[in-house]
Amino acid sequence: MSKTTGPGGASAPTATLENSVILTGDTVRILDRRVFPSRIEWVIAHTAEEVAEAIRAMVTQSSGPLYAACAGMALTAQQSRDQPLPDARARLAAAGAAIASARPTNRHPQDAVAAIIDATSAATTTAEFVERATDAATAFAAAYRDAGVRLGRAAVSLLPQRATILTHCWGEAYLFGLVTAAREAGTALTWVATETRPYLQGARLTAHSLRELGYDVTLITDGMAAAALASPTGAGSGPIDAAITAADRVAMDGSVINKVGTLAIAAASSTFDIPYIALVEAPDAEAPTGADVVIEERDPRDVLEVLGHRTASELVTDAWYPAFDITPPRLVTSIATSRGPFSPDRLAEYFTTPADRFASPVTATTADTLVPAGTDATA
């Protein structure tokens with residue numbers, strides 16, 4: 001853990017995972033989250049194809065594939081510096097195809113690839129091509145981090161000054177953005193995190209990072225979430241004020257696509273009148289409904305074991321592992337985006353809202369409760 005300078009010059013802790021994809025020389029170094037934090041190991045990718053395989057193999061998740069995509073594309077461009085321009089373009093296109101197809105549900109790698117290739121379209125020399133690709137990759141990753149802070153501010157605008165939050169899986173840039181925004185606004189947060197089977201991202205990544213950042217975190221199993229939401233004492237640290245998760249995609253009808261288990265948390269939140277807030281940079285204009293999003297199904301062997309160790313009986317051979325689920329809009333209180341919070345039925349207003357609406361820190365609310373379900377949160 002290291003320290004950075006926060007608002008007003010104050011020193012604020014940072015988490016190890018805030019810088020876990022590094023482009024250095026002719027390689028991309030990716031922190032292996034499959035074994036973190038018990039071991040600190042880096043997967044070294046020498047080509048974009050190896051970056052794509054690392055994404056596919058779950059070496060990195062959440063925001064990690066976006067950062068890896070940017071680094072892999074920049075690496076490919078730099079490796080093409082001595083090639084004729086047409087060959088460099090073809091090589092970058094092939095790299096982009098490999099990276100964009102590594103995992104189907106989250107569009108971040110695809111969007112990064114498209115933006116970087118588009119930025120090189122006007123290049124007339126290989127040197128200019130390499131420079132444009134590298135600059136675009138750096139800018140795309142930086143803009144994504146900034147969007148995380150903006151959507152964090154949007155979420156904080158819905159919270160009381162002290163809040164206990166239940167979260168699920170690993171939100172990375174969105175989680176860090178929420179933490180940054182809470183610090184800016186003086187909002188005190190306490191956390192309850194699910195362990196998140198089968199990779200245990202909640203236990204190994206989310207809870208670990210929040211502790212590095214100085215927060216109190218109570219870890220629960222996935223099956224305890226409804227009990228924690230129903231309990232007047234929460235998970236032992238007070239009643240839960242809101243369930244907040246990142247979202248891999250949000251369709252235009254307000255359907256939230258996120259790590260499997262999110263649907264159950266949203267349903268329990270609705271049952272016990274607790275707001276459920278999803279964090280996403282922007283809704284997906286190309287997905288009218290949740291049914292238009294491809295749900296990735298991973299190797300069912302992951303359900304039969306945990307972190308490489310068999311937990312199911314050897315007699316059990318059948319399992320099912322949809323990596324994501326779809327939460328219908330009726331269970332979603334608000335969607336916090338980089339342009340502000342929107343109720344699911346007002347999500348289209350994202351595209352007509354000024355992009356800089358949450359460019360500055362928000363003022364902490366003095367409200368005792370959050371925006372209730374069904375309320376227009378765009379004001």
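I take helices (H or I, at least four residues) and strands (E, at least two) as DSSP runs, numbered from the N terminus. For packing I use axes that are lines fitted to C-alpha atoms, for helices over the stretch in contact, with angles running from 0 to 180 degrees between N-to-C directions.

The model I looked at is predicted, with local features needing pLDDT of at least 70 and side-chain atom pairs counting only at pLDDT 80 or more, while totals for chains, interfaces and linings use all residues. Residues are numbered from 1 along each chain as its sequence is written, and side-chain values use heavy atoms, with hydrogens and water left out.

**Helix 4 against helix 5**

I looked up helix 4 and helix 5 (residues 126-156) and found an angle of about 140° between them, with their axes 8 Å apart. Helix 4 is therefore oblique to helix 5; I count angles under 35 degrees as roughly parallel, over 145 as roughly antiparallel, 65 to 115 as roughly perpendicular and the rest as oblique. The crossing of helix 4 past helix 5 is right-handed (near helix turned clockwise from the far one by less than a right angle; left-handed if anticlockwise). On the helix 4 side, I noted H108, D111, A112, A115, I116 and A119 in the contact (heavy atoms within 4.5 Å). Helix 5 supplies R132, A133, A136, A137, F140 and Y144. Sorted by class, this contact holds nine nonpolar, one polar and two charged residues. My classes are Ala, Val, Leu, Ile, Met, Phe, Trp, Tyr, Cys and Pro as nonpolar, Asp, Glu, Lys and Arg as charged, and the others, Gly among them, as polar.

**Helix 3 against helix 4**

Next I checked helix 3 (residues 85-100) and helix 4 (residues 108-119), which pack at about 165° with axes 8 Å apart. The two are therefore roughly antiparallel, and helix 3 passes helix 4 in a left-handed crossing. From helix 3 the contact takes L92, A93, G96, I99 and A100, and from helix 4 it takes P109, Q110, V113 and I117.

**Q78**

I located Q78 in helix 2 (residues 64-79). Its relative accessible area is 16%, so Q78 is buried (under 20%; exposed is over 50%, partly exposed in between; 1.4 Å probe, protein chains only). Leaving aside neighbours within four places in sequence, I list L23, G25, V130 and T134 as contacts of Q78.

**Cysteines**

I searched for disulfides (pairs of cysteine sulfur atoms within 2.5 Å) and found zero in the structure. C70 counts as buried because its relative accessibility is 3%. C169 is buried at 10% relative accessible area.
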